Amino acid sequence: MNIMDFNVKKLAADAGTFLSRAVQFTEEKLGQAEKTELDAHLENLLSKAECTKIWTEKILKQTEVLLQPNPNARIEEFVYEKLDRKAPSRINNPELLGQYMIDAGTEFGPGTAYGNALIKCGETQKRIGTADRELIQTSALNFLTPLRNFIEGDYKTIAKERKLLQNKRLDLDAAKTRLKKAKAAETRASSEQELRITQSEFDRQAEITRLLLEGISSTHAHHLRCLNDFVEAQMTYYAQCYQYMLDLQKQLGSFPSNYHCNNNQTSVAPIPSASSNVAGSPALTSTSGLVMTSPSNLIDLKECSGSRKARVLYDYDAANSSELSLLADEVITVFSVVGMDSDWLMGERGNQKGRVPITYLELLN
């Protein structure tokens, strides 16, 4: 027998097997043939594997969206991954925002309150961008990769063996059907032999599939460890971001806007943020819900004559010529003036003099 004859016979046998399975499958669907049911334990394992695959795919996909919201960037990373090449590094959104802020602050002038604040905010945004990049890298390595390996590796093997089990089951049931239809003794003996062989192959494949499926419990344990790593990475990221913003808040103090009444042009003292209250100072709540710092010693100064030294808590840009611009941590002389709004004092620095908001001052002993 030459190779061509062997291949022809093999193709004919494969075609016959395929046809037999197709007939058996169709008759089962039409209710015209009996079907060998898998044992309950194996069915439960198959269901657990399918459930694991479905939810792992959903978690994997949504985590990718969380870490990289840009769909075009995700597609690009996917292509580079399939080509086994490293994707080019790109600036992320916090880093881009930070660069814009730094550039704007530089152009407005680092010596101005707004320009200085923009530069500080920009530097913080760039640090957040770096932390974001580290989160993505750590999560991809410790969380996304194991999940993807299960979908593209372990589950594909399970699916392959499951399909093979289905074919062996169809072969077994087709052999049972042929045995029932066999009438001649010789045909019956041949059918019985075929049934024994198909039963043995089915049992062997069922055992192989069962052993693979029982590994799903180990997969869950591994994914649990990966989940803990992901949570720890997120915790580190958010803790870094919180610390960065806390440091930024301490640096900035408050850079409020000045509000003017259109009717009488009387300035209203700006209100620093609630978190920048001086330690030990009583806090007053305004009608807008914001917290105002109003140290009792400054209130006492309003009620008596004389001048005192005060330390400036935050930078302040004068809104008009009647006010005095302030720089954080400088020391000025303050005193009260009869008839002046209760939120303001008169400030003096060398030859410069002007109104200053009391919420920006800490009276020195």
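**A buried tyrosine and its neighbours**

Tyr360 has a relative accessible area of 0%, so Tyr360 is buried, where buried means under 20% relative accessible area, exposed over 50% and partly exposed in between, with a 1.4 Å probe and protein chains only. This is a predicted model, in which local features need pLDDT of at least 70 and side-chain atom pairs count only at pLDDT 80 or more, while totals for chains, interfaces and linings use all residues. Residues are numbered from 1 along each chain as its sequence is written, and side-chain values use heavy atoms, with hydrogens and water left out.

Seven aromatic pairs are counted, a pair being two rings of Phe, Tyr or Trp (its six-membered ring) with centres within 6.5 Å, stacked if the planes are under 30 degrees apart, edge-to-face if over 60 and tilted for the rest. The rings of Tyr314 and Tyr360 are edge-to-face, because their planes stand at 90°, with the centres 5.3 Å apart. This pair links distant parts of the chain, since Tyr314 lies in the loop between E5 and E6 and Tyr360 in the loop between strand E8 (352-357) and E9, 46 residues apart; strands (E, at least two residues) and helices (H or I, at least four) are DSSP runs numbered from the N terminus. Tyr314 also counts as buried, at 5% relative accessibility.
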